[in-house]
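Open the model in your viewer and keep the selection tool at hand. The stops below go from one selection to the next.

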Amino acid sequence: MCDPDNPCVYLQCRMECRDVPAETLYDVLHDIEYRKKWDSNVIETFDIARLTVNADVGYYSWRCPKPLKNRDVITLRSWLPMGTDYIIMNYSVKHPKYPPRKDLVRAVSIQTGYLIQSTGPKSCVITYLAQVDPKGSLPKWVVNKSSQFLAPKAMKKMYKACVKYPEWKQKHQPHFKPWLHPEQSPLPSLALSELSVQHADSLENIDESAVTESREERMGGAGGEGSDDDTSLT
């Protein structure tokens with residue numbers, strides 16, 4: 001549940017990918033090393049441990065539009081191939097070795113998911129849904145910008161990454177895909193009992209409601225609307 005004093009941000013996007021097979025998009029969403037290449041908004045991301053053959057725990061931190069504080073999350077992610085379609089879901093958890101950091105705001109993924117549906121041998125449709133508590137009173141311009149501009153642009157950026165992925169992967173451990181072949185996973189095992197659900201009301205709220213959009217953001221500078229580097233997907 002979201003903190004009633006700080007409403008959640010809800011995002012929903014759908015994109016048709018005419019030159020990208022469903023399995024390629026699925027690989028891109030899983031491949032953490034490739035994400036470090038195409039997601040210019042990422043600060044740090046890594047897998048922590050695996051729970052089952054199709055579930056793991058990971059860390060992700062990202063840059064927010066200036067001058068807001070940057071955010072991070074710890075999430076439990078699970079995935080399920082369904083023939084030629086795929087689902088990836090995640091939600092926030094608490095891990096004893098990764099408490100909130102002083103230099104970042106710990107956000108909460110209430111529920112985030114991707115549905116990838118094949119529409120042909122070389123085409124698919126992706127639907128992205130997110131319910132996130134950013135842990136803070138965000139100014140209205142941030143919410144509007146996220147839903148109307150940043151999220152759709154992130155989808156387009158991901159599409160471009162998908163087009164380039166096969167060539168990149170051929171040069172970077174082409175057969176290493178632990179999300180498809182769990183026996184390849186180097187992650188340590190973790191018992192579910194060591195985790196707990198991250199509730200929003202247990203984290204500190206950051207009041208950023210009075211923060212105004214920086215001139216750099218308005219003018220489309222680095223990380224702004226004129227750049228391809230202004231957003232990412234959690």
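Select Tyr34, Tyr165 and Trp168: ring pairs join these residues into a cluster. Rings of Phe, Tyr and Trp (its six-membered ring) pair if their centres lie within 6.5 Å; planes under 30 degrees apart are stacked, over 60 edge-to-face, and the rest tilted. This is a predicted model, in which local features need pLDDT of at least 70 and side-chain atom pairs count only at pLDDT 80 or more, while totals for chains, interfaces and linings use all residues. Residues are numbered from 1 along each chain as its sequence is written, and side-chain values use heavy atoms, with hydrogens and water left out.

The structure holds eight aromatic pairs. In the one between tyrosine 34 and tryptophan 168, the rings are 4.8 Å centre to centre and tilted, with 45° between the planes. Tyrosine 34 sits in helix 2 and tryptophan 168 in helix 3, 134 residues apart. Helices (H or I, at least four residues) and strands (E, at least two) are DSSP runs, numbered from the N terminus. Both tyrosine 34 and tryptophan 168 are buried; buried means under 20% relative accessible area, exposed over 50%, and partly exposed in between (1.4 Å probe, protein chains only).

Next, select phenylalanine 46 and tyrosine 98, another tilted pair, at 5.7 Å centre to centre and 50° between the planes. Phenylalanine 46 belongs to strand 2 (residues 42–52) and tyrosine 98 to the loop between strand 5 and strand 6 (105–106), so the pair ties together parts 52 residues apart in sequence. Phenylalanine 46 is partly exposed, at 23% relative accessible area, and tyrosine 98 is partly exposed at 28%.

Now select helix 1. Eight of its nine residues are buried, so helix 1 is largely enclosed by the rest of the structure. Among the buried ones are Ala22, Leu25, Tyr26 and Leu29.

Which residues have the most contacts inside the largest nonpolar core? They are Leu25, Leu29, Ile116, Ile126 and Met158, in a core of 31 residues. Such a core is a set of buried Ala, Val, Leu, Ile, Met, Phe, Trp, Tyr and Cys residues joined through side-chain atoms within 4.5 Å. Helix 3 gives the most to this core, with seven residues. Apart from it lies another core, of ten residues, including Val57, Tyr59, Leu76 and Val93.

Finish at threonine 75, in strand 4 (residues 71–82). Threonine 75 is buried, at 14% relative accessible area. Beyond four places in sequence, its contacts (heavy atoms within 4.5 Å) include Val57, Tyr91, Val93 and Ser109.
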